[in-house]
Amino acid sequence: MLNRTDLRGRVPRPAELRATLPRAEVNVDAALHQVRPVVDAVRDRGVEAVLEYTEKFDGVRPATVRVPRAELDRALVELDPDVRAALDEAIVRARAVHADQRRDDVTTQVADGGTVTERWVPVSRVGLYAPGGLAVYPSSVVMNVVPAQAAGVGSLVLCSPPQAEFGGLPHPTTLAAAALLGVDEVWAVGGAQAVAVLAHGAVDTDGSELDPVDMVTGPGNVYLTAAKRMLRGIIGIDSEAGPTEIAILADETADAGHVAADLISQAEHDTLAASVLVTTSERLADDVDAELARRVGKTKHTERVDTALRGAQSGTVLVSTVDEGLQVVDAYAAEHLEIQTAGAREVAARVRNAGAVFVGPYAPVSLGDYCAGSNHVLPTGGFARHSSGLSVQTFLRGIHVIDYSEAALREVAGKVVALADAEDLPAHGEAVQARFEGDAR
């Protein structure tokens, strides 16, 4: 069922390998042309433009952009008890993991009387995005809010698309998740117009201020991603998220049923979702295809899953050894990487590029999506070669504080002047020398 690429006996060099591996093609630049009028209109006309585009794209026009607090409270009261218990557990585990990511200020004494302190300061106000298209994502509320709160962000606003089914409000489970986390500012707006109003701010229909934010985080479709790219600089962003990905590195010890179920679980997200198997075992590849043929027709979103699995972004890559498989998965740099091999922990420890690594048969990606305690907002499209997933660090800024005494500056003054002269920036040196004018030389 999956397309096959046979690399047994020869793993190409990195550039060729990156071009060979399956990958979704998402043209953010093309989407920019469609997004620019939306962003410009929201900048110029505020909430009026927000609501026009919301009605056009979401088929509903909320009375206000900001969701009344009473609606959050009502959503929490009406939340299914089992779902509430699951969200509570997800929050507890995520808070435990993210609490350990906090950074302490560090002061380094570089000379007598001369110190440099690195202070970690949270971003003041952050906009968090929870998608609401093909699925409902209260889990993304947890994954965005928990690290921001752990970092000490003082002001949070959650954006999620309004739903015609719920009278122009975001999905009630999304609202309930916000209430559970203590987030009381929620805006019923999605897509590019959400990023635009977060960046520029506006005045709501009831006259209340929708204050702009300093940073926007959270995944979304190509139009939201294009808006984040366009507005980067006015706001900070976490990353440009593309379609979700799973790669599984497996050998003959892997269970074909587990592998197939995990590939399907990611394909369920989107027709552009990528499901990639990298294996040393042709028999396993055959067995996985057979399991996919058996399981896809029984899953709820059959058409979506089938389209994703048959797409150019999904496939099986055959390799000769696990070492070669590691070269392949490091070149692919998956958002989610499962290791289902003999000695999985040791193999996982050698992975260099992945958003998150799931070790062995009992750590499926679904666990990380909800209740592992890890964060599921992760780099896609090969960005894991250079970027990390969402964490407490995302919401912190390091500020260097330089504190030198007169004696400490005097000691190093000559070297500052020498380097300033070497760079033909004599005024830099003169700024130091001015502090010691009149000294004997």
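**Close-up views of a predicted chain**

View 1. The model is a predicted one, in which local features need pLDDT of at least 70 and side-chain atom pairs count only at pLDDT 80 or more, while totals for chains, interfaces and linings use all residues. Residues are numbered from 1 along each chain as its sequence is written, and side-chain values use heavy atoms, with hydrogens and water left out. Leaving aside residues up to four places away in sequence, Thr 174 touches Ala 130, Val 136, Tyr 137, Pro 138, Val 141, Leu 158 and Ser 160, a contact being heavy atoms within 4.5 Å. Ala 75 is 99 residues from Thr 174 along the chain, and their C-alpha atoms are separated by 8.5 Å.

**View 2. Glu 291 in helix α11.** Helix α11, made of residues 282-295, holds Glu 291, which counts as buried because its relative accessibility is 19%. When residues up to four places away in sequence are not counted, Glu 291 touches Ala 256, Gly 257 and Ala 260.

**View 3. The second largest pocket, between domain 1 and domain 2.** About 290 Å³ of space lies in this pocket, and 18 residues line it, of which Ala 24, Val 26, Gly 242, Gly 381 and Phe 383 are the closest to its centre. On a 1 Å grid over the protein atoms alone, a pocket is an open set of points where a 1.4 Å probe fits, with protein on both sides within 12 Å along at least five of seven lines, and lining residues have an atom within 4 Å of a point. The lining has 8 nonpolar, 5 polar and 5 charged residues. Both domain 1 (3-25 + 242-373) and domain 2 (28-104 + 122-241) give residues to this lining, so the pocket lies between them.

**View 4. The chain as a setting for the close-ups.** Besides domain 1 and domain 2, the chain has domain 3 (405-440), with bounds that come from an automatic or database domain assignment. The C-alpha centres of domain 1 and domain 3 lie 58 Å apart. The chain has 17 helices and 16 strands, and of its 441 residues 50% count as buried.

Conventions: Grid points are joined across faces, edges and corners, and a volume is the space filled by probe spheres set on the points. Ala, Val, Leu, Ile, Met, Phe, Trp, Tyr, Cys and Pro count as nonpolar, Asp, Glu, Lys and Arg as charged, and the others, Gly among them, as polar. Helices (H or I, at least four residues) and strands (E, at least two) are DSSP runs, numbered from the N terminus. Buried means under 20% relative accessible area, exposed over 50%, partly exposed in between (1.4 Å probe, protein chains only).
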